[in-house]
Structures are given as C-alpha cells and as structure tokens.
Amino acid sequence: MYFNDEKIPKNESNKDAFSKCTSMEQAKIHCPKRYQAMLAWFEYVNTVLSDLEPKTNHMFYFTGKHRSTPSCPVQLAANFNPGTGSQKYKSSNKDCTKPALYRLPFFMENLGPRYNAFSVAAHEARPGHHTQSQREEDQYSKMKTHFNAVFFMAAVFLDRVAAGRFFLGLSHMLFH
C-alpha cells in the first residue's frame with residue numbers, strides 16, 4: 001500500500017532525523033529506510049508520468065504558434081520540511097534555467113500511498129499544474145492578460161479524474 005515496505009524506524013522520524021536528513025545525500029546516510037522508500041516512490045511516479053504522457057498527446061500542441069505545453073521538464077524532488085504532508089508543484093522560471101519540481105514529502109509516517117499516485121501525479125505534473133503554471137510562466141509571461149485556457153482544460157480533466165468517470169477509461173488504456 002505504501003512505498004516503505006515496513007514501518008519507518010523511530011530514529012528516522014524524530015527531531016534528530018529532521019536536522020540530519022535535509023538532502024537525499026544526507027538521507028541516504030541518516031535515514032536509509034526513508035531514503036529507499038523515497039527512491040521507490042520516485043520510480044513509481046516517473047513510471048506513472050511516462051505512461052500518462054502519451055495518453056494526453058492528443059489534447060495539446062507541442063510545437064508551432066499554438067503550442068500549449070511547457071518547455072521545462074518536471075523533476076521529482078524530496079521535500080524535507082517535516083511539517084509538509086502533501087505533494088506540491090513548483091514552477092521553474094520563464095527561461096527554464098532549472099527544471100520545475102514535483103515535490104514529495106519525505107517525513108510522512110508512511111510514504112505514499114501507492115493507490116493515489118496516478119491521480120496526484122496527473123494533478124501535479126501533466127496535464128495538471130505543470131501544464132497550467134509552467135506554460136503560463138514560459139509562454140505567457142510577457143503578456144498582460146493571465147487568462148489561460150489550459151487551466152480550464154486541466155480543471156475539467158482533473159474534475160473527471162476525481163469523479164472517477166475519466167479514470168476508469170484511462171486506467172483501462174494504461175493497464176490492459
């Protein structure tokens with residue numbers, strides 16, 4: 001159900017861990033069980049995003065004057081703030097000098113759960129916030145208006161995912 005196969009040890013969930021495990025390099029040393037669970041979560045979400053992307057290709061333009069997708073990649077990253085319990089998206093800048101971040105909370109009691117990885121990944125990355133926010137940043141940043149038709153498309157899509165109507169069709173395409 002979760003990305004940690006067993007309960008996370010107490011010494012990886014206390015104030016000492018919060019001060020020692022502040023990067024993936026430090027987590028590998030001081031929070032090895034959490035570190036392994038986070039790597040499993042990254043791998044799973046990357047697979048979900050890879051499987052989801054071709055299913056949404058018909059919804060967007062990738063080149064030309066009508067391009068509706070961002071040019072920056074999305075990179076998974078651990079969020080080491082112990083007060084964070086949800087996944088978050090952070091846009092890059094208009095020049096895409098660094099990737100946009102899809103941040104997963106490192107200090108949850110259990111990392112995951114697996115069952116919501118599909119819908120949350122779609123919400124946070126593509127076709128969700130990444131398509132909405134990063135496209136706004138790198139393609140519309142010079143425009144005075146902030147109207148974004150992609151926001152509406154993503155909202156309708158995600159509303160249907162949440163309602164289960166679209167998810168059933170997508171899960172059939174992905175897993176059968």
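Asn79 is buried, with a relative accessibility of 5%. Buried means under 20% relative accessible area, exposed means over 50%, and partly exposed lies in between, with a 1.4 Å probe and protein chains only. Asn79 sits in strand β1. Leaving aside neighbours within four places in sequence, Asn79 is in contact with Thr84, Lys88, Arg103, Leu104, Pro105 and Phe106. Contact means heavy atoms within 4.5 Å.

This is a predicted model, in which local features need pLDDT of at least 70 and side-chain atom pairs count only at pLDDT 80 or more, while totals for chains, interfaces and linings use all residues. Residues are numbered from 1 along each chain as its sequence is written, and side-chain values use heavy atoms, with hydrogens and water left out.

**The chain as a whole**

The protein chain holds seven helices and three strands. Both are DSSP runs numbered from the N terminus: helices are H or I with at least four residues, strands are E with at least two. Along the sequence the pattern reads α-α-α-β-β-β-α-α-α-α. Of the 176 residues, 40% count as buried. Take the contacts between residues at least 6 apart in sequence: 71% of them join residues at least 24 apart.

**The core**

The largest nonpolar core has 29 residues. Such a core is a set of buried Ala, Val, Leu, Ile, Met, Phe, Trp, Tyr and Cys residues joined through side-chain atoms within 4.5 Å. Met38, Trp41, Tyr102 and Phe106 have the most contacts inside this core. At least two residues each come from α2, α3, β1 (74–79), β3 (100–105) and α4 (117–124). Helix α3 gives the most, with nine residues.

Phe42 is found in helix α3. Phe42 counts as buried, at 13% relative accessibility.

**The disulfide**

A disulfide is a pair of cysteine sulfur atoms within 2.5 Å. By this rule the count comes to one. Cys21 and Cys31 form the link, with their sulfur atoms 2.0 Å apart. The link is right-handed, with 100° about the S-S bond. Cys21 lies in the loop between α1 (15–20) and α2 (24–30), and Cys31 in the loop between α2 and α3 (32–52), so the pair ties together parts that are ten residues apart in sequence. Cys21 is buried at 0% relative accessibility. Cys31 is buried too, with a relative accessible area of 0%.

**The largest pocket**

A pocket is found on a 1 Å grid over the protein atoms alone, as an open set of points where a 1.4 Å probe fits, with protein on both sides within 12 Å along at least five of seven lines; lining residues have an atom within 4 Å of a point. The largest pocket holds about 240 Å³ of space. Its lining has 14 residues, and Glu53, Pro73, Val74, Arg126 and His130 lie nearest the centre. Helix α3 supplies the largest share of the lining, four residues. The lining divides into eight nonpolar, four polar and two charged residues.

How values were computed: Points joined across faces, edges and corners; volume = space filled by probe spheres on them. Nonpolar A, V, L, I, M, F, W, Y, C, P; charged D, E, K, R; others polar.
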